[in-house]
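Please keep the sequence and the structure in view while reading.

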Amino acid sequence: MAIQLKFAARCEAAGRDHNEDNFLLDDSLSDANWGFQSDKVIDLDQLGSLLVCCDGMGGMNAGEVASDVAVTIVKQWFQKERLDSVWNDISQSDSKLLKYIEQAIQDADRCIKQESAADKEKEGMGSTIVIAWILGQKVYVGWCGDSRCYRFNPARGLERLSHDHSYVQELVDAGKLSEELAFDHPNSNIITRSLGDPNGVAKPDTQCFE
């Protein structure tokens, strides 16, 4: 199936002394070459394409470290050799594919906590994460925090697929705040789930979309 994927990525450090974001894009998980070519027409193969974005947080450069750890661990989970070894099992259902994403995110959480515990300067570091795994006519999305996934369709425009894990989103869900006022809310930086949170294992949400 020929599908045109227009890959693009940018990390914005507006209002900060340094950038704590990290991302990973791969237009074909079925080959060993990680990366992408912008506006390249590809045949979407069996293992699909992967997009990952992480927003780090923490003192000094710890947020940058946390987001880098998250991206590195997710990359390990989506190496061709690893996917080939489990493909016959996880490809049986949407729920198994989503579970695989969940496990990758929770492994990233575990590794961030390990690194944080080993280095006093990185204590308390964390990161958000959002993953989009494009397979056939579906995209499998997993996220923890307020980094977002959107889908663009020419007929319907831009649609947000993920649901923020944040204090402000909880206010919106409870009907105490409008979507219009949420963006500029003074507490918009408070997130309720993240990787590296010492209060427990990360609890990502996952969902499959056409």
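Aspartate 109 is situated in helix α3, which covers residues 94-118. The model examined here is a predicted one. With a relative accessible area of 2%, aspartate 109 is buried. Its side chain makes a polar contact of 3.0 Å with the side chain of lysine 113. A polar atom of the aspartate 109 side chain also lies 3.1 Å from the backbone nitrogen of alanine 202. Neighbours within four places in sequence set aside, aspartate 109 is in contact with Ser194, Leu195, Gly196, Asp197, Gly200, Val201 and Ala202.

Glycine 196 belongs to the loop between α5 (179-182) and β10 (205-209). Its relative accessibility is 13%, and glycine 196 therefore counts as buried. Beyond four places in sequence, glycine 196 is in contact with Asp109, Ile112, Lys113 and Met125.

The protein as a whole has five helices and ten strands. Of its 210 residues, 42% are buried. Where contacts join residues at least 6 apart in sequence, 63% of them link residues at least 24 apart.

Helix α3 itself has 25 residues and reaches 37 Å from its first C-alpha to its last, close to the 36 Å expected at 1.5 Å a residue. Its buried residues include Leu97, Leu98, Tyr100, Ile101, Ala104 and Ile105, as well as Asp107 and Asp109. Among the elements that cover the buried residues of α3 are α1, α2, β5, β6, β7 and β10.

In soluble globular proteins, nonpolar side chains tend to be buried together. The largest nonpolar core here has 36 residues, and those touching the most other members are Leu50, Val52, Phe78, Ile129, Ile131, Trp133 and Leu195. At least two residues of this core come from each of β4 (49-57), α1 (62-77), α2 (80-90), α3, β6 (129-135) and β7 (138-144). Helix α3 supplies the largest share of this core, nine residues. Phenylalanine 78, residues up to four places away in sequence not being counted, touches Leu29, Trp34, Leu50, Leu83, Tyr100, Ile101, Ala104 and Trp133. Another core, of eleven residues, lies apart from it and includes Ile42, Ala132, Trp143 and Leu161.

Helix α1 has 16 residues and reaches 23 Å from its first C-alpha to its last, close to the 22 Å expected at 1.5 Å a residue. Its buried residues include Ala62, Ala66, Val69, Ile73 and Trp77. The cover over the buried residues of α1 includes β2 (21-26), β4, α2, α3, β5 (126-127) and β6. In α2, the buried residues include Leu83, Trp87 and Ile90. These span an arc of only 95° around the axis, and so they lie on the same side of α2. Glu81, Ser85 and Asn88 are exposed on the other side of α2. The buried residues of α2 pack against α1, α3 and β6.

Strand β6 is mostly covered, since seven of its seven residues are buried. In a regular strand the side chains alternate between the two faces of the sheet. In β6, Ile129, Ile131, Trp133 and Leu135 point one way, whereas Val130, Ala132 and Ile134 point the other way, and all are buried.

Strand β6 has pairing partners in β4 and β7. Its pairing with β4 is antiparallel and extends over five bridges, with serine 49 having isoleucine 134 in β6 as its bridge partner. Strands β6 and β7 also run antiparallel and are joined by seven bridges, and valine 130 stands opposite tryptophan 143 in β7. A hairpin with two residues between the strands is formed by β6 and β7, and glycine 136 in the turn has a positive phi of about 60°.

A further hairpin joins β8 to β9 through three residues. Strand β8 (residues 150-153) pairs with strand β9 (residues 157-160) in the antiparallel sense over four bridges. Tyrosine 150 stands opposite arginine 160 in β9.

Note on methods:
Residues are numbered from 1 along each chain as its sequence is written. This is a predicted model: local features need pLDDT of at least 70, side-chain atom pairs count only at pLDDT 80 or more; totals for chains, interfaces and linings use all residues. Side-chain values use heavy atoms; hydrogens and water are left out. Buried means under 20% relative accessible area, exposed over 50%, partly exposed in between (1.4 Å probe, protein chains only). A polar contact is a pair of N or O atoms within 3.5 Å; within protein, one must be able to donate a hydrogen and the other to accept it, and residues adjacent in sequence count only if both atoms are side-chain atoms. Contact means heavy atoms within 4.5 Å. A nonpolar core is a set of buried Ala, Val, Leu, Ile, Met, Phe, Trp, Tyr and Cys residues joined through side-chain atoms within 4.5 Å. The expected span of a helix is 1.5 Å times one less than its number of residues. Two strands pair if DSSP finds at least two bridges between them. The arc is that of the directions from the helix axis to the C-beta atoms.
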